[in-house]
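User: Hi! I have a model open here and would like to talk it through with you. Could you take a look?

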Amino acid sequence: MTETVTIDSKPLTQPSFDNLGLAPALLKALTDSGYTTPTPIQAQAIPLALAGGDLMAGAQTGTGKTAAFSLPLLQKLLPLANHGASPAKHPVRALILTPTRELAIQVEESIKAYAKHTALRSLVVFGGVDIKTQTPHLKTGVEILVATPGRLLDHIEQKTLQLNQVQILVLDEADRMLDMGFMPDLKRILALLPKHRQNLMFSATFSNEIKKLADDFLTKPQLIEVARSNATNDNVTQKVYSVAQSDKEALLVQLLKNSDSQQVLIFTKTKLTASRLSRSLARVGIAADAIHGDKSQQERIKALDAFKSGAATVLVATDVAARGLDIDQLPMVINYEIPSAPEDYVHRIGRTGRAGALGVAISFVSPEEDKYLVEIEKLIKRQINKESIVIDRSSARTRSHTSRPTPASPQHDATASRRNVVKKKSSDPWFDQPYEAVLAKKPSPIKPIPSGKKLPVAALLGGLAYSK
Ligand code: AMP
């Protein structure tokens with residue numbers, strides 16, 4: 001039986017962290033992090049989680065869901081915080097499972113920030129790195145463990161970890177865990193946990209499989225939905241350019257060169273396309289720093305850090321690799337290819353418009369991809385604006401300058417693009433105005449790309465064995 005607490009994204013009264021019953025040490029950390037007001041998911045989830053029952057929360061990416069589960073968890077563990085040197089004084093009391101390493105790292109970074117004025121210890125463990133480097137840290141004892149499922153099981157097998165004192169379990173991005181085939185691992189892990197515990201499950205989308213998971217693992221959960229499930233964030237302006245597959249590259253180069261955006265996340269369907277695209281960008285003077293699926297975890301983290309710090313301006317990513325990325329004020333996401341699974345569209349565009357900032361999500365849709373667009377619009381229950389743009393095909397070339405602009409429009413096809421006969425000026429104000437005009441929070445100044453200057457690009461690719 002599920003009790004539903006459906007909330008409007010606009011709360012009735014101005015919520016405040018002070019009224020949520022959090023300890024001064026946590027409130028101080030929130031002030032340090034620059035948080036002044038709880039987000040809607042935090043305002044709802046924190047009191048419910050503090051009350052002790054199970055929770056199933058539907059929250060889009062970027063809504064502040066990490067703090068929504070971390071703060072009550074820290075509050076509940078505070079009475080057990082201690083400075084004792086013995087590992088026995090620091091058993092794992094809260095376990096947070098995430099589908100990807102990147103998300104695990106981000107979640108643990110947030111927990112460290114929120115717990116910085118307490119004696120509670122946290123650690124993240126994930127696959128792809130030598131397990132021996134994690135074991136000594138585990139052995140010193142940590143109250144809060146963030147893990148990907150496969151690596152957690154490795155530690156359990158090696159007896160470097162005990163889970164018999166876990167009081168709180170968090171399943172973050174549960175929908176993605178199911179998509180990635182973690183169900184058998186989850187079942188094994190859950191069987192090792194004490195029966196009496198609190199479960200908090202977070203998911204961006206509420207599929208039937210997720211509801212089944214909730215039925216199986218949660219006890220009388222309260223259901224919180226911050227926004228309509230499968231809804232896309234209202235802060236994100238979505239638009240579609242109908243464009244022949246063969247013109248996508250030219251359109252992308254044109255957008256990147258005309259845009260003032262400092263950070264653009266580009267999604268492709270396959271790692272092959274991501275690699276090829278970053279090489280193509282390099283050929284037109286945009287330096288491509290590709291990370292292949294067989295490169296190490298360290299290299300992926302390096303690419304992500306470079307993008308987060310602004311050293312790399314463009315990140316080319318596949319869905320799996322990009323899952324859970326949290327980049328402050330990412331202004332633009334481009335779907336170079338739209339996903340065939342409509343839920344992935346929701347996740348992708350959720351990378352922008354986070355924590356109240358505005359963002360733009362542009363999708364390139366070829367005639368062959370129209371069927372996927374139909375499914376996406378069905379899922380998000382709205383039509384996405386279709387726009388036309390003149391493509392300057394010469395911008396994607398280094399040697400040939402013979403092409404002329406062609407229009408990308410619903411009628412446009414590959415044959416028309418090959419003929420290159422139509423030349424018309426863009427009527428799209430997006431290309432005539434600086435990008436900042438649409439941002440709520442003005443980002444740090446965005447430098448135009450001087451001609452000949454290399455624009456750093458990183459490609460973050462999926463296809464890795466994620467946690468083993
Ligand atoms: P999340 O949905 O947990 O990935 O959070 C998205 C972003 O929002 C992160 O950069 C958080 O640091 C930020 N954030 C979370 N809660 C708040 C808040 N109450 N006020 C301002 N920023 C927040």
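Analyst: Happy to! A word on confidence to begin with: pLDDT is the predictor's confidence in each residue, from 0 to 100. This is a predicted model, so local features need pLDDT of at least 70 and side-chain atom pairs count only at pLDDT 80 or more, while totals for chains, interfaces and linings use all residues. Residues are numbered from 1 along each chain as its sequence is written.

User: What does the chain average in pLDDT?

Analyst: The average is 77, and 73% of the residues score at least 70.

User: Where does pLDDT stay under 50?

Analyst: One such stretch is residues 1–12, for which the model has 20 contacts beyond four places in sequence. Another is residues 461–468, with 34 contacts of that kind. Two residues are in contact here if their C-beta atoms, placed from the backbone, lie within 7 Å.

User: Thanks. How many helices and strands does the chain have?

Analyst: There are 16 helices and 18 strands. Both are DSSP runs numbered from the N terminus: helices are H or I with at least four residues, strands are E with at least two.

User: And how much of the chain counts as buried?

Analyst: Of the 468 residues, 46% do. Buried means that 20 or more other C-beta atoms lie within 10 Å of the residue's own, exposed means 12 or fewer, and partly exposed is in between, with C-beta atoms placed from the backbone. As for the contacts with a separation of 6 or more, 79% come from residues 24 or more positions apart.

User: Is helix 10 mostly covered or mostly open?

Analyst: Mostly covered: helix 10 spans residues 248–258, and nine of its 11 residues are buried. Among them are Lys248, Glu249, Leu252 and Leu256.

User: Switching to packing, at what angle do helix 2 and helix 3 pack?

Analyst: About 30 degrees, with their axes 9 Å apart. The axes are lines fitted to C-alpha atoms, for helices over the stretch in contact, and angles run from 0 to 180 degrees between N-to-C directions. Helix 2 and helix 3 are therefore roughly parallel. Angles under 35 degrees count as roughly parallel, over 145 as roughly antiparallel, 65 to 115 as roughly perpendicular and the rest as oblique.

User: Which residues make that contact?

Analyst: They include Ile41, Ala45 and Ala49 of helix 2, and Ala68, Phe69 and Pro72 of helix 3. By class, the contact has 10 nonpolar, two polar and one charged residues. Ala, Val, Leu, Ile, Met, Phe, Trp, Tyr, Cys and Pro count as nonpolar, Asp, Glu, Lys and Arg as charged, and the others, Gly among them, as polar.

User: What about helix 3 and helix 4, how do they pack?

Analyst: Helix 3 (residues 65–77) and helix 4 (residues 101–114) pack at about 45 degrees, with axes 10 Å apart, and are therefore oblique to each other. Thr66, Ala67, Ser70, Leu71 and Leu74 of helix 3 meet Val107, Ser110, Ile111 and Tyr114 of helix 4. That contact has six nonpolar, three polar and no charged residues.

User: One last thing: why does Val92 count as buried?

Analyst: Because Val92 has 22 C-beta neighbours inside 10 Å. Val92 lies in the loop between helix 3 and strand 3. Beyond its neighbours within four places in sequence, its contacts include Val142, Leu145, Leu163 and Val166. Ile168 is 76 residues away along the chain, and its C-alpha atom is 9.6 Å from that of Val92.
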